[in-house]
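User: I would like to learn how to read the cross-links and charged contacts of a chain. Could you take me through them step by step?

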Amino acid sequence: MLLKYTVQNKAEAGTYALPFQVTEQEIVLSTLIIPAGEAEGHILIEVSLAWENPLLNWDIGELDIRLRRNDEQGPVLDWLQDSCYQEGFAELSYEETAQQAETHVYCLTVQSADHRAVVTGPLMMRGSVYVNQMDDNPDEQ
């Protein structure tokens with residue numbers, strides 16, 4: 001397969017709003033948009049983030065990570081629950097095939113019961129579109 005399009009959102013530790021205390025309320029960390037003109041093909045969404053447990057009493061920290069379609073209320077496409085004693089690094093990967101050229105929006109959300117997670121970064125969310133072959137002249141049919 002050939003890479004047709006890629007887009008990435010990234011935040012290093014200590015930049016933007018990082019570190020970020022995660023609460024019981026599900027909150028948006030990042031949104032990724034693949035434009036309609038680029039969205040036809042095999043779509044791969046990759047997420048990675050570093051986080052830590054703010055509790056120093058050896059209780060396990062927990063972080064729920066969700067990839068949703070469109071916004072924080074959209075359907076869950078993939079979900080991961082990560083846990084650690086001190087520091088964690090979570091990765092999530094989601095694939096789908098887009099048959100129609102329409103805008104695809106992916107929303108990354110996080111949630112943690114009892115405030116048992118702090119996203120420290122780096123945080124990365126990447127979307128790639130792959131095709132079997134590139135169309136040299138799309139106007140010629």
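This is a predicted model: local features need pLDDT of at least 70, side-chain atom pairs count only at pLDDT 80 or more; totals for chains, interfaces and linings use all residues.

User: How many disulfides does the rule give here?

Analyst: In general, a disulfide is a covalent bond between the sulfur atoms of two cysteines. The rule asks for a pair of cysteine sulfur atoms within 2.5 Å, and by it the count comes to zero disulfides.

User: Is Cys84 buried or exposed, and what is the relative accessibility of Cys107?

Analyst: A residue is called buried under 20% relative accessible area, exposed over 50%, and partly exposed in between, using a 1.4 Å probe and protein chains only. Cys84, with a relative accessible area of 9%, is buried, and Cys107 also counts as buried, at 1% relative accessibility.

User: How many salt bridges are there?

Analyst: A salt bridge is a side-chain nitrogen of Lys or Arg within 4 Å of a carboxyl oxygen of Asp or Glu, and the count by this rule is seven. One of them joins the side chains of Arg126 and Glu46, at 3.3 Å from N to O. This pair links distant parts of the chain, since Arg126 is in strand β9 (residues 117-131) and Glu46 in strand β4 (residues 41-52), 80 residues apart; strands here are DSSP runs of E with at least two residues, numbered from the N terminus. Arg126 is partly exposed at 27%, and Glu46 is partly exposed at 25%.

User: Which residue forms a salt bridge with Glu62?

Analyst: The partner of Glu62 is Arg116, with the closest N and O atoms 3.6 Å apart. Glu62 lies in strand β5 (residues 61-69) and Arg116 in the loop between β8 (104-111) and β9, so the pair ties together parts that are 54 residues apart in sequence. Glu62 is partly exposed, with a relative accessible area of 30%, whereas Arg116 is buried at 14%.

User: Where does the salt bridge of Glu96 and Arg69 lie in the chain?

Analyst: The side chains of Glu96 and Arg69 meet at 2.6 Å, N to O. Glu96 is in strand β7 (residues 87-98) and Arg69 in strand β5, 27 residues apart. Glu96 is buried, at 13% relative accessible area.

User: Which residues are linked in a network of salt bridges?

Analyst: Glu26, Arg66 and Arg68 are linked in such a network.

Definitions and conventions:
Residues are numbered from 1 along each chain as its sequence is written. Side-chain values use heavy atoms; hydrogens and water are left out. Helices (H or I, at least four residues) and strands (E, at least two) are DSSP runs, numbered from the N terminus.
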